[in-house]
Amino acid sequence: MQSRSVLRVGLVIADEMEFKPFVEWSRGQSERREDQLFGYESLSFSLQKQERKLQVEAVLCGIGKVNAATAAAFLAAKGMDIMLNIGLSGGISNVRRGDLVAGTQYLEADFDLTPLGYQLGEKPGQTFRYSADPRLLEAAKRAYPGLKSGILGCGDFFLSDPGKKSLYYEAFDLSAFDMETGAIGSVCCRAGIPYLSIRKISDDAAEQSVDEYTEMNNLAESSLVDVLRDLLDQVVAEDSFWN
C-alpha cells in the first residue's frame with residue numbers, strides 16, 4: 001500500500017485568547033493564509049518534514065457546543081484527516097489548576113432526557129460517549145510526558161456550581177468540564193475522523209472559577225500550543241498516520 005505524503009489537520013479553538021498563541025506560532029510558517037470559513041475566522045499553513053507534509057487549518061469558532069460542532073463539521077466537509085482541539089477547562093477530579101489533560105472520552109454532560117427515563121447524557125438510539133483516537137492519545141503522551149488523561153464533559157454553560165460539579169463527577173467520572181469537546185467528538189465520530197482534545201485546567205469549576213478562569217485566559221499562555229506543536233511532530237514521525 002502506498003503511503004500518503006500529505007495529511008490534513010483540522011484544529012478547533014473556541015476563544016480568541018486561546019487562539020492568539022496559535023496565531024503567533026503560525027507566523028513564519030510555510031503557505032500561511034488567513035481566511036474565513038463560512039463566517040468563522042480561519043488560519044492555515046503547512047509543516048514540511050522530509051517527504052511528509054502537514055496541512056493545518058485552524059478555526060476560531062467561538063464558545064459553545066453549537067459553534068464548535070458547526071466549525072468541526074465545516075472542517076470535516078473539507079476532508080480533514082485528523083481533528084484536534086485545545087482550550088481551557090474547569091477541573092472536576094484528579095487534576096489541578098495548570099495541569100494539561102488529554103481527553104480519553106468526550107460527552108455532553110448537560111444533555112438531559114431524564115424525565116423520559118433516560119440516563120443523564122444518554123441520546124436515544126445514539127452513541128453519546130465519543131472516544132479519543134488511541135494513536136493521537138499515545139502521540140500526545142510521548143510529546144508531553146507530564147500530560148494527564150481523563151474523561152471530558154461539556155455543556156452550554158460556564159460551570160461554577162459545586163452541586164453540578166458533584167453530579168457530573170458521580171454520573172460520568174469526569175476529569176474536567178468545558179463547552180466544546182463533546183460536540184466536536186460527535187462530529188468526528190459520525191465523520192470517522194480521528195480526534196483528540198487537550199485542555200489546560202484554568203479553574204476548579206466551583207465558587208472561585210470565574211476569577212481563576214479569567215486570570216488564566218487573559219494571560220494567553222502558549223503552553224497548549226507548545227504541546228500541539230510537539231504533538232504534530234509526533235504525528236509526522238508515526239508511520240500509522242501515513243499508511
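Trainee: Where does Gln50 lie, in terms of the strands around it?

Mentor: Gln50 sits in the loop between β3 and β4 (52-60), where helices (H or I, at least four residues) and strands (E, at least two) are DSSP runs numbered from the N terminus. Before we go on, note that this is a predicted model, in which local features need pLDDT of at least 70 and side-chain atom pairs count only at pLDDT 80 or more, while totals for chains, interfaces and linings use all residues. Residues are numbered from 1 along each chain as its sequence is written, and side-chain values use heavy atoms, with hydrogens and water left out.

Trainee: Why is Gln50 called exposed?

Mentor: The term buried is used under 20% relative accessible area and exposed over 50%, with partly exposed in between (1.4 Å probe, protein chains only). Gln50 has a relative accessible area of 80%, so Gln50 is exposed. Gln50 also has a positive phi of about 55°, although it is not a glycine.

Trainee: What makes Phe38 count as exposed, and where does Phe38 lie?

Mentor: Phe38 has a relative accessibility of 67%, and therefore counts as exposed. Phe38 lies in the loop between β2 (30-37) and β3 (40-49), and its phi is near 50°, a positive value in a residue other than glycine.

Trainee: Which side chains form polar contacts with the side chain of Lys123?

Mentor: A polar contact is a pair of N or O atoms within 3.5 Å; within protein, one must be able to donate a hydrogen and the other to accept it, and residues adjacent in sequence count only if both atoms are side-chain atoms. The side chains of Lys123 and Glu108 are joined by a polar contact of 2.4 Å, and those of Lys123 and Tyr130 by one of 3.5 Å. Leaving out residues up to four places away in sequence, Lys123 touches Glu108, Phe111, Phe128 and Tyr130, where contact means heavy atoms within 4.5 Å.

Trainee: What makes Asp133 count as buried, and which residues does Asp133 touch?

Mentor: Asp133 counts as buried because its relative accessibility is 11%. Not counting residues up to four places away in sequence, Asp133 touches Pro194, Tyr195 and Phe241. The C-alpha atoms of Asp133 and Pro194 are separated by 5.2 Å, although these residues are 61 apart along the chain. Asp133 is found in the loop between β7 (130-131) and α3 (134-143), and its side chain reaches the backbone nitrogen of Arg135 at 3.2 Å.

Trainee: Which residues are buried in helix α1?

Mentor: In α1 (residues 16-26), the buried residues are Glu18, Phe19, Pro21, Phe22, Val23, Trp25 and Ser26. At the start of this helix, a side-chain oxygen of Asp15 comes to within 2.8 Å of the backbone nitrogen of Met17, and just after the helix, Gly28 takes a positive phi of about 90°.

Trainee: Which residues is Val225 in contact with, and why is Val225 called buried?

Mentor: Val225, which is found in helix α7 (residues 223-237), is buried because its relative accessible area is 3%. Leaving aside neighbours within four places in sequence, Val225 is in contact with Pro21, Phe22, Trp25 and Ile86. Val225 and Glu24 are 201 residues apart in sequence and 9.7 Å apart in space, C-alpha to C-alpha.

Trainee: Why can the radius of gyration of the chain be said to agree with a compact globule?

Mentor: The radius is taken over C-alpha atoms, and the globule rule is 2.2 Å times the number of residues to the power 0.38. With 243 residues, a compact globule would have a radius near 18 Å, and the chain has 17 Å, so the two agree. Buried residues make up 51% of the 243 residues, and the chain has seven helices and ten strands. Among contacts between residues at least 6 apart in sequence, 74% join residues at least 24 apart.
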